[in-house]
Amino acid sequence: MKDITLNIEKAFGFVSADAVKQYAPKAAECLHMLHEGTGKGNDFLGWLRLPADIEVELDAIEAAAKTLRDKCEVVVVVGIGGSYLGAKAVNEALADSFEWLKKEHKAPIIVYAGQNIGEDYLYELQAMLKTKRFGIISISKSGTTTEPALAFRLLKTQLEEQQGKAAAQELIVCITDKARGALRTLATQEGYKTFVIADNVGGRFSVLSPVGLLPIAAAGFDIRQLVAGALRMQQVCASENFDENPAAQYAAVRNELYKSGKKIEILVNFHPKLHYVSEWWKQLYGESEGKEHRGIFPASVDFTTDLHSMGQWIQDGERTIFETVISVEQMNHEVRVPSNDANLDGLNFLAGKRVDEVNKMAELGTMLAHVDGGVPNLKIELPQLNEYYLGELLYFFEKACGISGYMLGVNPFDQPGVEAYKKNMFALLDKPGYEEASKAIKERLAK
Ligand code: PA5
């Protein structure tokens, strides 16, 4: 069976192969720190072995997902950051793009809440749910995050009003800390089914825990295949042989590019279904590496769509970027361009070709143009878009992120910067316990 592959050759016009290879001892050191738990943030390394460790929980996750699938037309996944992005990435990558418009569904439609505080969004969500049999998966590791707590309060109230408290109890699953936080207290009091986010698994590394797996299983996808793919990469990316470890190579080449002045990495896809894989990746790398005034800025584009918006900048703007392309080898469906006698649109040169052949030439043409324009190019190839290879991809990115963060010299597993906005928001909203901060911020704003 094939694996996902990494090709870094198109970076070598910009940094030398030798300079990248020089990272081998450092990569081995970082791997050792991860495997032995001797580096910064070593109390958050549970994700490393999740593909193997989660096996014992799969039956329970699948059973909870089946209950939701049997009883619900819509499941609302409530969470923010690492508590929803992994599930959304996988679900969007695997789902039929127009599933929500179909009359018959094999599984509930999954929608998301708690990752914004948009009043119109919540109003429209609640309005849509009024006529639906819906359930809720409420996810928050801390159990105290405002955005999901607010959305959950609204949706729980609505579900209880629509179905009655007893029925609602069957339709709510909470995923949170084993003991701490308001969500744990609430779930215990209300008697909801719960899953635990282990202490040693941080939010953005939690996609292979119940956090990601329950919403993915609820959407009808094969979490065993996802985990099997991740397990394969757990083995591959454990190797201390630099030439055999794609995560070590990716970490090395991006650190060398960063050192050479490439401060922005753009994750590129050529399939709209992969949009949320990029969103998940941006959070993973942004929150892990953006510290102490250091770190590559993770950006993303969807091609060929964004070639008509960001293409100009990428081709010709400031040369501080590099691209990492996620390329999919085999499509799951076949569409061929029909021939047309009149050829009024001039497209007969494509007649008989698969649409993906056109897309692949766009991909190749773009890569060549961008490399010519001064943009180093890394390529990650997935043999196919399915659960197994997505599992490989997710674990590969996680492992590379841990190595890369250690190479950069930061703690990849904390996120102190996220607290700053919360402190101000709570002060402005007069949250109990924030009296002093409230006074200070109001004085500052009055000046
Ligand atoms: O990666 C992280 O740790 C964060 O993005 C969290 O997932 C996010 O802030 C949500 O936190 P919580 O799950 O505690 O509500």
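Here is a friendly walk through some features of this predicted model, point by point.

1. **Ground rules.** Numbering starts from 1 along each chain as its sequence is written, and side-chain values use heavy atoms, with hydrogens and water left out. Because the model is predicted, local features need pLDDT of at least 70 and side-chain atom pairs count only at pLDDT 80 or more, while totals for chains, interfaces and linings use all residues.

2. **The main core.** The largest nonpolar core holds 122 residues, and Val76 and Phe397 have the most contacts inside it. (Such a core is a set of buried Ala, Val, Leu, Ile, Met, Phe, Trp, Tyr and Cys residues joined through side-chain atoms within 4.5 Å; buried means under 20% relative accessible area, exposed over 50%, and partly exposed in between, with a 1.4 Å probe and protein chains only.) Helix α16, residues 387-408, supplies the largest share of this core, 14 residues. (Helices, H or I of at least four residues, and strands, E of at least two, are DSSP runs numbered from the N terminus.) In soluble globular proteins, nonpolar side chains tend to be buried together.

3. **Val301.** Val301 counts as buried because its relative accessible area is 5%. Beyond its neighbours within four places in sequence, Val301 contacts Ile266, Leu267, Val268, Asn269, Asp306, Met310 and Ile314.

4. The peptide bond between Phe303 and Thr304 is cis, with omega about 5°, so please have a look at it. Thr304 belongs to the loop between β8 and α14 (311-316).

5. **The ligand site.** There are 13 residues around the ligand, and the closest are Ser83, Ser140, Ser142, Thr145 and Gln283. (A residue is near a molecule if one of its heavy atoms lies within 4 Å of it.) This shell divides into one nonpolar, nine polar and three charged residues. (Ala, Val, Leu, Ile, Met, Phe, Trp, Tyr, Cys and Pro count as nonpolar, Asp, Glu, Lys and Arg as charged, and the others, Gly among them, as polar.)

6. An N or O atom in the side chain of Ser142 is 2.7 Å from a ligand oxygen. For Glu287, a polar side-chain atom lies 3.0 Å from an oxygen atom of the ligand, and for Gly82 a backbone N or O atom lies 3.0 Å from a ligand oxygen. The protein buries 89% of the 380 Å² that the ligand exposes when taken alone. (A polar contact is a pair of N or O atoms within 3.5 Å; within protein, one must be able to donate a hydrogen and the other to accept it, and residues adjacent in sequence count only if both atoms are side-chain atoms. Accessible areas come from the Shrake-Rupley method with a 1.4 Å probe; for residues, only the protein chains shown count as cover.)

7. **Two asparagines in loops.** Asn411 is placed in the loop between α16 and α17 and is buried, at 14% relative accessible area. The Asn411 side chain reaches the backbone nitrogen of Phe413 at 2.8 Å. Asn200 lies in the loop between β6 (193-196) and α10 (210-218) and counts as partly exposed, at 34% relative accessibility. The C-alpha atoms of Asn200 and Trp47 are separated by 7.5 Å, although these residues are 153 apart along the chain.

8. **Helix α17 and what follows.** Lys422, Met425, Phe426 and Ala427 are buried in α17, residues 419-428. The buried residues of α17 pack against α7 (146-163) and α18 (435-446). Asp430, in the loop between α17 and α18, has a positive phi near 55° and is partly exposed at 47%.

9. **Another positive phi.** Glu292 has phi near 50°, a positive value in a residue other than glycine. Glu292 lies in the loop between α13 (275-289) and β8, and is exposed, with a relative accessible area of 51%.

Note on methods. Contact means heavy atoms within 4.5 Å.
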